[in-house]
Amino acid sequence: MNKVVLITGGSRGIGAATALLAARKGYDVCISFASNENAARDIAGQIEALSRRSLAVKADVSLEPDILNLFETVDKTFGRLDALVNNAGILEKQTTVEGMTLERLARVFSTNVFGSFLCAREAVKRMSKKHGGNGGAIVNNSSAAARLGAPGEYVDYAASKAALDTLTIGLAKEVAADGIRVNAVRPGIIITDIHALGGEPGRPQRLAESIPMKRSGGADEVAAAIVWLLSDEASYITGTLLDVTGGR
Ligand code: NAP
């Protein structure tokens, strides 16, 4: 039976690239999405064309009932869970800290931080050898913003990713003896739709020259790092934050 990976926010961008690569590597894949059902169905169809089982579930990771339903649907459909990619994430319009409302902070932290904590909790319950599971791997999609701070753009987003780094380090130590590895990737500037949320769709092009490798990254390049961290090739790696930034 194939291993099963759950990728939150797998309908577009880095999550979609990770879903397709994981399928090529032999996983059956569940992707979740927030609202873009057509994009999710398209990725699920591409996974099935690779002769893997796929499932696309609408689940807003900022809502606990949606997360519980997502994991129960995985249980019912596949009967096992071997890997989780906490990928779903948002940022909001570029502004300084002075311009940030409580409502904005709540949206960013509930999606990027609370959603990842709750998904990690549900995955650990299923994968931990302590609870009769087979062990597994979790990869959190953090950001280089966690160490750069994103001044003048989205310090809130950067801080949420720093929280994800700490989740990675702490949870890795907590569940290492139970057969679960927990790591994070910290992408730099990657060409996806997310920059439009910040009000600047062309940000990857504007900043390309400032990156040591003189180009922005592709979603496939982050997906390769995520799928490698999930794999047995990374069997002695846990609690690691892997930068995928072209040197940024
Ligand atoms: P993207 O192209 O905007 O895709 C975001 C994905 O997340 C979509 O599948 C979206 O679903 C889903 N999503 C958004 N809000 C959600 C919610 N509340 N619940 C469930 N799913 C939700 O973004 P991306 O650039 O691929 O980013 C993916 C991850 O990489 C994020 O965590 C981001 O912070 C991180 N990252 C990105 C970059 C970059 O430069 N692109 C750099 C560093 C880190 P719908 O299709 O339904 O909207």
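This is a predicted model: local features need pLDDT of at least 70, side-chain atom pairs count only at pLDDT 80 or more; totals for chains, interfaces and linings use all residues.
Strand 4 takes in residues 83-86, and it is covered on both faces. A83 and V85 sit on one side, L84 and N86 sit on the other, and all of them are buried. In other words, each of these residues has under 20% relative accessible area.

Strand 4 also has partners. Strand 1, made up of residues 4-7, runs parallel to strand 4, and three bridges join the two. Within this pairing, L6 is found opposite L84. Strand 5, covering residues 136-141, is parallel to strand 4 as well, this time with four bridges between them. Here A83 is the residue that stands opposite A137 of strand 5. To get from strand 4 to strand 5, the chain passes through helix 4, which spans residues 102-127, and this β-α-β crossover is right-handed.

Now for the ligand. There are 31 residues around it, and the ones that come nearest are S11, S35, N87, Y157 and T192. The side chain of R12 places an N or O atom 2.8 Å from an oxygen atom of the ligand. With N36, it is the backbone that supplies the N or O atom, and the distance to a ligand oxygen atom is 2.8 Å. G188 likewise uses a backbone N or O atom, which lies 3.4 Å from an oxygen atom of the ligand.

How values were computed: Residues are numbered from 1 along each chain as its sequence is written. Side-chain values use heavy atoms; hydrogens and water are left out. Buried means under 20% relative accessible area, exposed over 50%, partly exposed in between (1.4 Å probe, protein chains only). Two strands pair if DSSP finds at least two bridges between them. A crossover is right-handed if, with the strands pointing away from the viewer, the path from the first strand over the helix to the second runs clockwise. A residue is near a molecule or strand if one of its heavy atoms lies within 4 Å of it. A polar contact is a pair of N or O atoms within 3.5 Å; within protein, one must be able to donate a hydrogen and the other to accept it, and residues adjacent in sequence count only if both atoms are side-chain atoms.
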